Amino acid sequence: MFVLELSYTAPLEAVDAVLPDHVAWLDELYERGVFLASGRKEPRDGGVIIAVAEDRARIEAIAAGDPFVRAGVCAYRVTEFVATKTAPALAPYRETAA
């Protein structure tokens, strides 16, 4: 499981100009089962995405395809973690610590 933290690197006007493409990209990844939750940070200087993928390289490739990244309006920080405890709805994503 991964936490993707987005930090805006451009003014909000530039971010908002790309927002519809970013939302379409999010929707596609939700449909594919990669993203589990997402939203903007408060204050609005970026966002957070909770995601699942087979490995870090795959998640980094996905993040690189974000329209925000391609437009140069955000940077990602990716944190991988082992979800050993979850809400019941997320039980399929639980892992055993090695």
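A57 is found in helix α2, and this spot makes a handy way into the predicted model. With a relative accessible area of 54%, A57 is exposed, because the cut-off for that label is over 50%. A57 and E13 sit 44 residues apart in sequence, and their C-alpha atoms are 31 Å apart in space.

Stepping back to the whole chain, the secondary structure comes to three helices and four strands. Read from the N terminus, the elements run β-α-β-β-α-α-β. The C-alpha atoms fill a box of roughly 45 × 25 × 20 Å along the principal axes. The radius of gyration is 14 Å, which agrees with the value near 13 Å that a compact globule of 98 residues would have. Of those 98 residues, 32% count as buried. Contacts also reach well along the sequence: among those between residues at least 6 apart, 65% join residues at least 24 apart.

Next comes the inside. The largest nonpolar core has 21 residues, and those with the most contacts inside it are L4, W25, F35, I49, I59, F68 and Y76. Two or more residues each come from β1, α1, β3, α2 (56–64) and β4 (74–80). Helix α1 gives the largest share, five residues. F35, one of the core residues with the most contacts, shows what such a position looks like up close. Leaving aside neighbours within four places in sequence, F35 is in contact with W25, L26, L29, Y30, I49, I50, A51 and I62. Two of these partners, W25 and I49, are themselves listed with F35 among the residues with the most contacts in the core.

I50, another partner of F35, lies in strand β3. I50 counts as partly exposed, since its relative accessibility of 24% falls between the cut-offs of 20% and 50%. Setting aside residues within four places in sequence, I50 is in contact with M1, F2 and V3, and also with V34, F35, L36 and A37.

H22 counts as buried, because its relative accessibility of 7% is under the 20% cut-off. Beyond its neighbours within four places in sequence, H22 is in contact with L6, D66, P67, F68 and Y76.

Residues up to four places away in sequence aside, K41 touches E5, L6 and S7, along with G46, G47 and V48. P43 has its place in the loop between β2 and β3 as well. The peptide bond from E42 to P43 is cis, with omega near 0 degrees. Most peptide bonds are trans.

T84 is partly exposed, with a relative accessible area of 47%. The C-alpha atoms of T84 and R94 are separated by 5.2 Å, although the two residues are ten apart along the chain. R94 is also one of the contacts of T84, and the others are E95, T96 and A97, with neighbours within four places in sequence left aside.

Notes. Residues numbered from 1 in each chain as written. Predicted model: local features only at pLDDT ≥ 70, side-chain atom pairs only at ≥ 80, totals over all residues. Heavy atoms only, no water. Core = buried A, V, L, I, M, F, W, Y, C linked by side-chain atoms within 4.5 Å. Buried < 20%, exposed > 50% of the residue type's maximum accessible area, 1.4 Å probe, protein only. Contact = heavy atoms within 4.5 Å. Rg over C-alpha atoms; globule rule 2.2 N^0.38 Å.
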